[in-house]
Amino acid sequence: MLVSALVTSLAINSGLCVLFFTLYSILRKQPSNSEVYIPRVLAEGGYKKSSHFNLERLIPSPDWLRRAWKLTEDDLLAASGLDAVVFMRLINFSLRVFLFAGVIGVFVLLPVNCSGDALEYVDFADLSNNSLDVFSISNIASGSSLLWIHFSAVYLVTIFICCLLYYEYRYICEKRTSYFLASKPQPHQFTILVRSIPVPVGSSVSDSVERFFSEYHPSTYLSHSVVRRTNKLQNLISDAKKLYSRLVHLKSDPNKQKYKRSGTFGLFGPKVNLQDHYEKTLEDIEENVRLEQSEVSLAGEEVRAAFVSFKSRYGAAIAFHLQQSTNPTRWVTEQAPEPHDVYWPFFSSSFIRRWISKLVVIIACIVLTILFLIPVVLVQGLTNLSQLEIYFPFLTSILTITFVSEVVTGYLPSLILLLFLKMVPPVMEGFSSIQGYISNSAIQKSACSKVLWFTVWNIFFATVFSGSVFYKISIFLDPKNIPAKLASAVPAQASFFIAYVVTSGWTSISSELFRIIPLLWSLMKRPFTDSKDDELEVPAIPYHSHMPRILFFVLLGITYFFLAPLILPFLLVYLCLGYIIYRNQFINVYAPRYETAGKFWPIAHNSVIFSLVLMHAIAVGVFTLKNIPVASTLTFPLPVFTLLFNEYCRKRFLPNFIAYPAESLLKKDRQDENDPTMPEFYSKLVGVYQDPALTPIHFSANGDRLNSPLLSASSSSHS
């Protein structure tokens, strides 16, 4: 790729960023767009719509930048929880890494690369027609002593990143403990989920749980709530919500058609009043829901699982960590998620179905990975004009136009990959939801890992090792030659990944601020709905989409900082934009739906360790190909040291992310002994883990008669 192609891509994406920032600064001031740009502020009552026109609304202003910049970590922790703090710490960590690497790369390695003559001399008089490869390590001649500068840079950056990783892991671990100690009593801290409950003949799941825990945990057992199979109920309630929404829209729009034929497709049969028809149907659905809830209350609908609560956190921890039965496949325990975080459809599927689903997900991920190679191959063809002219000779005359060729090679490939990647996070979230996770947060964590490694394989390795699927697989079947293959293939794709950072990074982070999809959806539905009748839904940040993107850019920066240091300034711009934009989104847009207390950080830590080891493998191969065997040999200790460091961190910090220590649990329990609100908390704990599908619904005018609770026997308290 020529410098001119990169400049064209840079100009297009810079223009889009300026456009998005300008439009955001104007549109966010419009009262009609408040549900798009400040839904969280609106839900918290911090904004009042004004119908008076003000000229200031049409003038862009940077006041939102000041508010985002002034946000402190304590404010973020109080407003959005520890997960948001961990997310922003990841961006801060990346900024520190690439500021340090950027100083070395831009002011040391880049001049060294330009001084080489292996490819060509840099023509500063005609800079736009230079290849980007002249700024990479490829321009250093084999055997040159200048390569020792790159060797030293690899060592320095590795040590710096490991030190920073240790500091961040320790800080977040301490923050997680202090966050727990400062928290109010939460139901999930006192509760475990018990599965594979054995039920004797003539007994029920509830009786078995009560008998078992009263006998073996008599001093700490408090209550339990049996899980029931509610898949039919969930479908009925979903139908009721959809019908209620139609009824509300019908009443709010006086111009909407009020009559419709009751026959097939609304073309046959007598005309009926839609409002009366919807209300009658809604009453029928509510009655069916009540009947189904009564049937579910029978023991036959019980799932052999229950949420068991204890009088102390320490008692719940003991029950969680101890094997409850001589048969380890019975009375299986795991930590309970927050009540609103429970993924209730999990309990409606059988063990065999979940086991088959896991196999299906593995196969589906493999198929998706193979199918995704199609756009990757297409993108690789676009980066090579000579190949395009061979396969599509009729494009030769168009590709000779300078601007067209620069757009095709510099901007279009990254844009195509960006568009295809947009579908990956929701697909991976769907895969994770059928794998047997009991909470939405666990589903997002699993999806986060899937999206990350899917991106690394399909964007990095598939792009680097251009060729057939079998060729890519054959590379990894021959581990001895992996460093050499990486050394020859990775530097060749430096120009593509620089353009990818600009297109996928800058544009995606700016569109996150502009929220183009929610804005378009709001504009399309506005003529047909009345916002007063719609319940405002505040979105939660999709960590499984945003975190893998940042971690992938970290991987690109670490692997390319000594190969093509020109990528570092563009990464720093992306991270600076992300630092401001995400802080603004946490203030105005996103509200937490659940809290994992920082459990996403181990995923980030492992990804950075992988990036370091990958960089070391590439460095070994590069120094070997450049005929500096001593440097190659001296690089071997680095991956060993990095993996040993990772093992130390895994032993030192990871256990604190799996469970809280007894020291912290007992400290909190002793504090609760003097808390006068604990009896009230215990009384609420009895029914807090009831499936939402079992709560009465009352959408219709006659729904008040359905307000009485149905399942008084679904929960049991131990006195």
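**Pockets, strands and cores in a predicted model**

Start with the second largest pocket: its lining takes in 42 residues, and H188, Q335, A336, T596 and K599 are the ones nearest its centre. Keep in mind that the model is predicted. The volume of this second largest pocket comes to about 1200 Å³. Which elements supply at least two residues each of its lining? They are α6 (147-182), β1, α10 (313-321), β6 (332-335), α17 (440-464), α24 (601-625) and α27 (654-658). Helix α10 gives the largest share of that lining, with five residues. Sorted by class, the lining of the second largest pocket holds 21 nonpolar, eleven polar and ten charged residues.

Rolling a probe the size of a water molecule over the atoms shows where empty space is left. How many cavities of 30 Å³ or more turn up in a search of the whole structure? The search finds four. The largest cavity holds about 90 Å³ of space. Its lining is made of S80, D83, A540, I541, Y543, A591, P592, R593, Y594 and E595. By class, that makes six nonpolar residues, one polar and three charged.

Now for the overall make-up of the chain, which has 29 helices and seven strands. Of its 719 residues, 51% are buried. Take the contacts in the chain with a separation of 6 or more: 83% of them are between residues 24 or more positions apart.

Is β5 mostly covered or mostly uncovered? Mostly covered, as eight of its nine residues are buried. Strand β1 (residues 191-195) runs antiparallel to β5, and five bridges join the two.

In soluble globular proteins, nonpolar side chains tend to be buried together. In this model, the largest nonpolar core has 139 residues, and F460, F497, L556 and Y560 have the most contacts inside it. Helix α5 (residues 73-115) brings the largest share of this core, 20 residues. A second, separate core has 16 residues, among them V194, I197, Y221 and W331.

Is L418 buried or exposed? Its relative accessible area is 9%, so L418 counts as buried, the cut-off being under 20%. Setting aside the neighbours within four places in sequence, L418 is in contact with T503, S504 and S508. How far apart are L418 and S508 in sequence and in space? They are 90 residues apart in sequence, and 8.4 Å apart in space from C-alpha to C-alpha.

Definitions and conventions. Residues numbered from 1 in each chain as written. Predicted model: local features only at pLDDT ≥ 70, side-chain atom pairs only at ≥ 80, totals over all residues. Heavy atoms only, no water. Buried < 20%, exposed > 50% of the residue type's maximum accessible area, 1.4 Å probe, protein only. Helix = DSSP H or I, 4+ residues; strand = E, 2+ residues; numbered from the N terminus. Pairing = 2+ DSSP bridges. 1 Å grid on protein atoms, 1.4 Å probe; cavity = no way out; pocket = protein on both sides within 12 Å on 5 of 7 lines; lining within 4 Å. Points joined across faces, edges and corners; volume = space filled by probe spheres on them. Nonpolar A, V, L, I, M, F, W, Y, C, P; charged D, E, K, R; others polar. Contact = heavy atoms within 4.5 Å. Core = buried A, V, L, I, M, F, W, Y, C linked by side-chain atoms within 4.5 Å.
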